[in-house]
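Please keep the sequence and the coordinates open while reading the points below.

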Amino acid sequence: MRRRAALASPSGGLLLATLAGGLQALSIAWPGTGQAHGWLQVGSLALLAFSLCRLAVSGRPLRAALVGAARRSGVFAVAWLAGTFWWLHVSMHQVGGLPAPLSVAAVLLLATALGLYYVGAATVWVALVRLARWDLRPMAASVLFAALWLLAELMRGRWFTGFPWGAGGYAHVDGWLAGAAPWVGVYGMGAIAAFVAMRLAMLQAWPHKSWRAWASLVLVFVAARQLPDADHFTRSAGQSEVELLQANISQTEKFDAGRGIRDALGWYGERLMASRQPLVIAPETAIPVLPRQLPPDYWTALQAHFAQGQQLALVGIPWGDAVQGYSNALLALGPQGQSGYRYDKFHLVPFGEFIPTGFGWFVRQMQIPLGDFARGSVHQPSIDWQGQRLAPNICYEDLFGEELAARFGPGEQPPTALVNVSNIAWFGDTVAVDQHLNISRLRALELGRPMLRATNTGATAIIDHRGQVQGLLPRFTRGSLVGSFEGREGLTPYARWAAAFGLWPLWGLALVVVGWALWCARRRSL
């Protein structure tokens with residue numbers, strides 16, 4: 001009892017929230033191993049849920065309970081989010097030259113701003129449970145918490161260009177909840193995890209009818225384990241060979257004309273010419289200058305080499321001119337019919353690829369070659385090659401599964417494999433590499449497609465349609481990964497509904513639950 005009273009106190013609750021938020025960050029990718037830990041994610045969220053449950057049934061006035069919920073959820077969210085993407089400090093300070101206090105403040109400010117979504121979810125939950133007297137209806141209260149947490153995740157992932165890095169569902173890329181990915185996607189997985197976390201919290205906070213809580217937990221666990229996986233909905237489109245290139249050029253040197261650019265042009269040019277694989281992929285901005293800035297005959301020599309053979313190369317390069325605009329592009333080099341294909345990045349990075357209104361002063365503080373790129377279309381076609389249809393995406397575009405799913409919709413020719421080219425060198429040798437690998441793995445699970453990852457410094461990998469890594473190049477080394485992948489035909493349930501409706505089914509389901517809770521609360525107050 002004393003322990004519970006201590007946790008219910010303001011200082012104890014904030015300490016618990018800080019610990020829980022830190023554990024939530026670690027669950028996405030454990031430093032050193034990169035392993036995702038789903039039960040750690042559920043358990044850490046259950047700690048916050050326990051704290052909220054105690055507030056909901058405490059004798060405090062409603063206003064005091066809401067203030068307590070806002071503080072605890074705010075501390076949890078900042079600890080979680082800052083602990084997840086702290087490596088933004090590396091890009092701003094070590095690469096960009098921004099003073100350390102300013103870069104640390106920027107990370108904390110971003111975490112605080114994004115954390116407001118979760119503050120809203122927690123405070124609304126406490127308010128509705130109080131007003132609707134749902135402390136006597138723990139199942140309804142758990143469903144409400146899952147719906148509100150889902151809304152917070154959707155808002156973070158979609159509003160103001162979206163930044164859903166580290167969403168809770170990524171912790172479940174391995175384990176009992178992974179089977180839900182082809183059905184409900186990362187956000188649906190996060191909602192299920194939130195429901196389980198609240199049910200666990202209620203076993204301690206609201207112990208009445210605990211057998212029902214255990215029964216619901218067992219039911220969710222068994223159902224998730226028994227869901228048909230991607231093999232049930234997809235079939236083989238054949239095996240293909242690929243070579244993925246990784247030059248390992250430091251970001252501080254990458255755009256340096258005296259060293260980094262010369263190194264990139266020499267190594268990538270040599271490896272592209274020497275490759276004997278039918279498909280060879282070079283990462284984002286592997287060629288770090290515009291075509292017109294290349295040495296004479298460099299690009300034409302590459303074009304001529306691939307035009308006369310039976311090979312296809314996909315090469316990351318900035319593209320365009322001052323009249324047509326510039327894009328972060330992936331270009332194809334190959335026989336007639338394939339050469340000339342270009343994919344232009346659709347989901348641009350704020351500050352890195354476009355400058356948000358009013359933030360020019362912030363960008364000027366950093367010595368980073370920033371662009372103001374034009375967007376490509378979300379419905380850009382795949383490239384056909386030797387029986388496979390390859391759908392490119394660039395850098396953190398693979399964070400937005402609903403946008404990748406748009407290529408699986410009616411009237412589209414669904415890809416058989418996904419290709420991600422990235423440059424995570426901006427963030428140094430940090431857990432960002434592991435987190436991004438797990439993000440790509442979850443996209444493969446959702447869509448039932450292999451993911452081919454070519455990166456500058458890591459993680460260069462071949463991921464199968466089950467989200468399992470089949471080949472991995474050591475990070476921060478120079479070399480190439482040669483291997484095979486199996487393309488897939490057919491649509492997972494997630495690919496089918498996300499292609500047709502985007503994330504609107506999840507928005508609608510969550511809003512229906514919240515609307516029901518509001519109606520119950522209003523009826524109680526009459």
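How do the residues of the lining of the second largest pocket divide into nonpolar, polar and charged? In this predicted model, that lining consists of 20 nonpolar residues and one polar residue, with no charged residue among them.

**Second largest pocket**

- The second largest pocket has a volume of about 460 Å³, and 21 residues line it, those nearest its centre being Ala146, Gly188, Ala191, Ile192 and Leu509.
- Two or more lining residues come from each of H7, H8, helix H9 (210-226) and helix H18 (504-525), and H8 gives the largest share, with six residues.

**Cavities**

- The model holds three cavities of 30 Å³ or more, and the largest cavity takes up about 60 Å³ of space.
- The largest cavity is lined by Tyr343, Phe346, Val378, Glu397, Phe400, Glu403, Leu404 and Arg407, a set that divides by class into five nonpolar, no polar and three charged residues.

**Salt bridges**

- Across the whole structure, 15 salt bridges are found, and one of them joins Glu403 to Arg158, with 3.1 Å between the closest N and O atoms.
- Because Glu403 belongs to helix H15 (residues 401-405) and Arg158 to helix H7 (residues 138-158), this pair ties together parts that are 245 residues apart in sequence.
- Asp231 lies in helix H10 (residues 230-233), while Arg466 lies in the loop between strand S10 (461-463) and strand S11 (469-472), so the pair ties together parts that are 235 residues apart in sequence.
- Asp231 is partly exposed, with a relative accessible area of 30%, and Arg466 also counts as partly exposed, at 40% relative accessibility.
- Asp231 and Arg466 take part in a network of salt bridges that also links Asp464, Glu486 and Arg488.
- Arg259 forms a salt bridge with Glu253, the closest N and O atoms being 3.2 Å apart; here Arg259 counts as exposed at 52% relative accessibility, and Glu253 as partly exposed at 26%.

**Nonpolar cores**

- In soluble globular proteins, nonpolar side chains tend to be buried together.
- The largest nonpolar core in this model has 147 residues, and those with the most contacts inside it are Trp125, Trp149, Leu279, Ile281 and Leu390.
- Helix H8 (residues 181-205) supplies the largest share of this core, with 15 residues, and H8 likewise gives the largest share of the lining of the second largest pocket.
- Leaving aside residues up to four places away in sequence, Leu390 touches Leu279, Leu312, Leu314, Ser382, Ile383, Trp385, Ala417, Val419 and Phe485.
- A second, separate core has 25 residues, including Leu265, Trp267, Ala282 and Ile287.

Methods:
Residues are numbered from 1 along each chain as its sequence is written. This is a predicted model: local features need pLDDT of at least 70, side-chain atom pairs count only at pLDDT 80 or more; totals for chains, interfaces and linings use all residues. Side-chain values use heavy atoms; hydrogens and water are left out. A salt bridge is a side-chain nitrogen of Lys or Arg within 4 Å of a carboxyl oxygen of Asp or Glu. Helices (H or I, at least four residues) and strands (E, at least two) are DSSP runs, numbered from the N terminus. Buried means under 20% relative accessible area, exposed over 50%, partly exposed in between (1.4 Å probe, protein chains only). On a 1 Å grid over the protein atoms alone, a cavity is a set of points where a 1.4 Å probe fits but cannot get out, and a pocket is an open set with protein on both sides within 12 Å along at least five of seven lines; lining residues have an atom within 4 Å of a point. Grid points are joined across faces, edges and corners, and a volume is the space filled by probe spheres set on the points. Ala, Val, Leu, Ile, Met, Phe, Trp, Tyr, Cys and Pro count as nonpolar, Asp, Glu, Lys and Arg as charged, and the others, Gly among them, as polar. A nonpolar core is a set of buried Ala, Val, Leu, Ile, Met, Phe, Trp, Tyr and Cys residues joined through side-chain atoms within 4.5 Å. Contact means heavy atoms within 4.5 Å.
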